[in-house]
Amino acid sequence: MTTEELAKANNLNVNSALTPNQNINVPNIPKTYIVKEGDTVSEIAKKYGLKTKDVLNLNHLNWQSTILIGQKLKLTDNKTASTVSKSAVAPNNNSVSGNSVAARAVNLALQLTQQNIPYVWGGNSTGGMDCSGMVQYVYAQLGISLPHNTVQQEAYVNEKPVSQAQPGDLLFWGQPGASYHVAIYIGGDKFVAAPAPGQNVSVGSISAFPPSFSGSLK
């Protein structure tokens, strides 16, 4: 969108002065955008005349977040066609800063919780996934190949107590060698998992559903 187009949409000229909190209509901006190969948040924002930080905040992302092909990003607030300011959206307090594999895994997992991905037995894509499929999918985006099975995934971690879990570690339910559920620990007593049929990938609480043990990737 050009400056001239924005001015015309608001019955202004390119030299018009704006006042604080003035409501500006931003036309031709879809509410959502589906990420394509090679896209970045900054390029998407620029394409629609938006601020990168506003798109990040609207989607609970940070500057280190990785976006996925096929991911749906919000571009405008549901209440208005105007862009949403930073104060309009609470930041995701579970996001982890840094570019380590663990931090990226946490942020990728959190992004999945915003995509309404249903639990599908045997699934490992954004169209649907089960618990081990979700873990497999997240780490595949980071170049780490894991099997699609909770017990087999146990072999890829160094086992430790849940109390020692760090963000990015895997949490397991059941006895070692016979686990039946797995999730990605995101810190703060919380994890991301594909819970059960009829539910979407979401954030869960350790205190509400205590895991049996945890493990960091070898």
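This report describes the fold of one protein chain, taken from a predicted model.

## Basis of the model

The model is predicted, so local features need pLDDT of at least 70 and side-chain atom pairs count only at pLDDT 80 or more, while totals for chains, interfaces and linings use all residues. Residues are numbered from 1 along each chain as its sequence is written, and side-chain values use heavy atoms, with hydrogens and water left out.

## Overall composition

The chain contains 6 helices and 10 strands. These elements are DSSP runs numbered from the N terminus: helices (H or I) have at least four residues and strands (E) at least two. Of the 218 residues, 44% are buried, meaning under 20% relative accessible area with a 1.4 Å probe, protein chains only.

## The open sheet

An open sheet is formed by 6 strands in the order E5-E10-E6-E7-E8-E9, with antiparallel pairing. Two strands pair if DSSP finds at least two bridges between them. At the edges lie strand E5 (157-160) and strand E9 (202-205), each of which pairs on one side only. On average, neighbouring strands of this sheet are turned by 40 degrees against each other, direction ignored.

Strand E5 runs antiparallel to strand E10 (residues 213-217), and 4 bridges join them. Glutamate 159 has glycine 215 in E10 as its bridge partner.

## Helices on the sheet

Helix H4 (residues 101-112) packs on the sheet and touches strand E7 (181-187), strand E8 (190-193) and E9; the direction of H4 makes about 110 degrees with that of E7. Contact means heavy atoms within 4.5 Å, and angles run from 0 to 180 degrees between N-to-C directions of axes fitted to C-alpha atoms, for helices over the stretch in contact.

Helix H5 (residues 131-140) lies across strand E6 (170-173), E7, E8 and E10, running at about 50 degrees to E7.

Note on methods: Buried < 20%, exposed > 50% of the residue type's maximum accessible area, 1.4 Å probe, protein only.
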